[in-house]
Amino acid sequence: MSDARVTTVSSNGTYSFTKPNREGITLLAGLGVEGDIHAGVTVKHRSRVAKDPTVPNLRQVHLIHGELFDEVAGAGFEVAPGDLGENITTRGIDLLALPTGTLLHLGAEAVVEVTGLRNPCAQIDNFRHGLLKQVLGRDENGEIVRKAGIMSVVLTGGEVRPGDPVRVELPAEPYRPLRRV
């Protein structure tokens, strides 16, 4: 995983499904991406706020592996970084295979802790009809497979820019598999 890199960073200060790409983003410890609508100590996603606005925000930073865009392109879907609402797009790292609690060192200073999987929602089909089926499926055992990226919280703030390295620090064993958050 030594070649793991940030390829794109995105943020949006207003609610929208997609997020515009930026030259850089600033991660704020305990909050998320500076100026992003989903930053905060407590939940910010509308469906979660409606249930209980006091729940801790385990979805401060959304990461997607750029290889997913290659995969869905093979099925005829054009998806670019930021289109699925992620803050950080990576290459060279299997984000979905990381255990819960993994630390990702992004660039020179920033560190996020992986909290779980993004749960793909119907908005993905509203964006590109049929795309949801590409990022949400079942494995050979009938278990649900979520491919729309991972969620994290910011432990150490800092600037993150395209081209920054990503260093993985695995948690102590036994590893806990990623679950939807």
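The model is predicted, so local features rest on pLDDT of at least 70 and side-chain atom pairs on pLDDT 80 or more, while totals for chains, interfaces and linings use all residues. Residues are numbered from 1 along each chain as its sequence is written, and side-chain values use heavy atoms, with hydrogens and water left out.

Helices (H or I, at least four residues) and strands (E, at least two) are DSSP runs, numbered from the N terminus. Eight strands form an open sheet in the order 2-1-6-5-11-8-7-13, and their pairing is mixed; two strands pair if DSSP finds at least two bridges between them. Strand 2 and strand 13 (166-169) are the edge strands, each pairing on one side only. Strand 7 and strand 8 run antiparallel and are joined by four bridges. Across from Glu113 in strand 8 stands Leu103.

Next come the nonpolar cores. A nonpolar core is a set of buried Ala, Val, Leu, Ile, Met, Phe, Trp, Tyr and Cys residues joined through side-chain atoms within 4.5 Å. Here buried means under 20% relative accessible area, exposed means over 50%, and partly exposed lies in between (1.4 Å probe, protein chains only). The largest core holds 23 residues, and those with the most contacts inside it are Leu27, Val61, Ile88, Leu104, Leu106, Ile150 and Val160. At least two residues of this core come from each of strand 1, strand 3 (25-28), strand 5 (61-65), strand 7, strand 8 (110-117) and strand 11. Strand 8 gives the largest share, four residues. Leaving aside residues up to four places away in sequence, Val160 touches Val6, Val9, Gly24, Ile25, Leu27, Ile88, Leu106 and Ala110, where contact means heavy atoms within 4.5 Å. A second, separate core has 13 residues, including Phe17, Phe77, Val79 and Val135.

In one of them, Lys19 joins Asp36, with the closest N and O atoms 2.7 Å apart. This pair links distant parts of the chain, 17 residues apart: Lys19 sits in the loop between strand 1 (5-10) and strand 2 (21-22), and Asp36 in the loop between strand 4 (32-33) and helix 1 (46-51). Both Lys19 and Asp36 are buried.

Arg91 meets Asp70 at 2.6 Å, N to O. Because Arg91 lies in strand 6 (residues 88-91) and Asp70 in helix 2 (residues 67-73), the pair ties together parts 21 residues apart in sequence. Arg91 is partly exposed at 31% relative accessibility, as is Asp70 at 44%. Glu71 forms a salt bridge with Lys147 (2.7 Å, N to O). Here the partners are 76 residues apart, Glu71 in helix 2 and Lys147 in the loop between strand 10 (144-146) and strand 11 (150-156). Glu71 is partly exposed, with a relative accessible area of 40%, and Lys147 is partly exposed at 24%.

Finally, Thr100 lies in the loop between strand 6 and strand 7 (103-106). With a relative accessible area of 11%, Thr100 is buried. A polar atom of the Thr100 side chain lies 3.1 Å from the backbone oxygen of Pro177. Residues up to four places away in sequence aside, Thr100 touches Val114, Thr115, Pro171, Arg176, Pro177, Leu178 and Arg179.

Note on methods: Salt bridge = Lys/Arg side-chain N within 4 Å of Asp/Glu carboxyl O. Polar contact = N/O pair within 3.5 Å; in protein donor to acceptor, adjacent residues only side chain to side chain.
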